[in-house]
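Subject: A structure for you to look at

Hello,

Here is the structure I promised to pass on to you. Please open it next to this email and follow along as you read.

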Amino acid sequence: GYISNMDEVVLIECIIKASEKLVVMCDQSKFENNAFIQVCELSDIDFVITNKEINKKYIKALEDMGITVLLA
């Protein structure tokens with residue numbers, strides 16, 4: 001889903017800062033859309049869990065950044 005207000009953004013940013021590891025779970029459609037609000041840098045992410053239909057160029061780009069990609 002989409003973040004609907006700035007209070008949610010502040011809460012998510014606090015959760016990210018307090019976390020030891022950041023795991024993002026999303027399907028392939030999220031890689032081809034621009035978001036209105038950014039809550040973290042890609043470099044903050046440790047793991048991405050996504051579906052097998054993801055374009056391989058995204059997997060390579062994430063892995064090149066040191067992000068572990070898990071396909072479900």
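Below is what I found in it, starting with the whole chain and then going into the parts.

First, please keep in mind that this is a predicted model. The protein chain has 2 helices and 3 strands, and along the sequence they come in the pattern α-β-β-α-β. Its C-alpha atoms fill a box of roughly 35 × 25 × 20 Å along the principal axes. Of the 72 residues, 21% are buried. If you take the contacts between residues at least 6 apart in sequence, 38% of them join residues at least 24 apart.

Now to the sheet. The 3 strands make an open sheet with the order β1-β2-β3, and their pairing is parallel. β1 and β3 are the edge strands, each pairing on one side only. From one strand to the next, the twist averages 20°. Between β2 and β3 there are 4 bridges, and you can find T50 opposite L71 in β3.

Next, have a look at helix α2, which spans residues 56-64. Which of its residues are buried? They are Y58, I59 and L62. These three cover an arc of only 100° around the axis, so they sit on the same side of α2. The face of α2 turned away from the buried side carries the exposed residues K56, K57, K60 and D64. What covers the buried residues includes the strands β2 (47-50) and β3 (68-71).

At the start of α2, a side-chain oxygen of N55 comes to within 2.9 Å of the backbone nitrogen of K57. After α2 comes G66, with a positive phi near 90°.

Is N51 buried or exposed? With a relative accessible area of 18%, N51 is buried, because buried means under 20%. The N51 side chain makes a polar contact of 2.7 Å with the side chain of E53. Leaving aside neighbours within four places in sequence, N51 is in contact with C26, D27, Q28, L71 and A72.

Finally, the cysteines. How many disulfides does the structure hold? The count is 0.

Apart from neighbours within four places in sequence, C40 is in contact with I16, L22 and I45. C40 and I54 are 14 residues apart along the chain, and their C-alpha atoms are separated by 21 Å.

Best wishes

Note on methods: Residues are numbered from 1 along each chain as its sequence is written. This is a predicted model: local features need pLDDT of at least 70, side-chain atom pairs count only at pLDDT 80 or more; totals for chains, interfaces and linings use all residues. Side-chain values use heavy atoms; hydrogens and water are left out. Buried means under 20% relative accessible area, exposed over 50%, partly exposed in between (1.4 Å probe, protein chains only). The arc is that of the directions from the helix axis to the C-beta atoms. Contact means heavy atoms within 4.5 Å. A polar contact is a pair of N or O atoms within 3.5 Å; within protein, one must be able to donate a hydrogen and the other to accept it, and residues adjacent in sequence count only if both atoms are side-chain atoms. A disulfide is a pair of cysteine sulfur atoms within 2.5 Å. Two strands pair if DSSP finds at least two bridges between them. Axes are lines fitted to C-alpha atoms, for helices over the stretch in contact, and angles run from 0 to 180 degrees between N-to-C directions.
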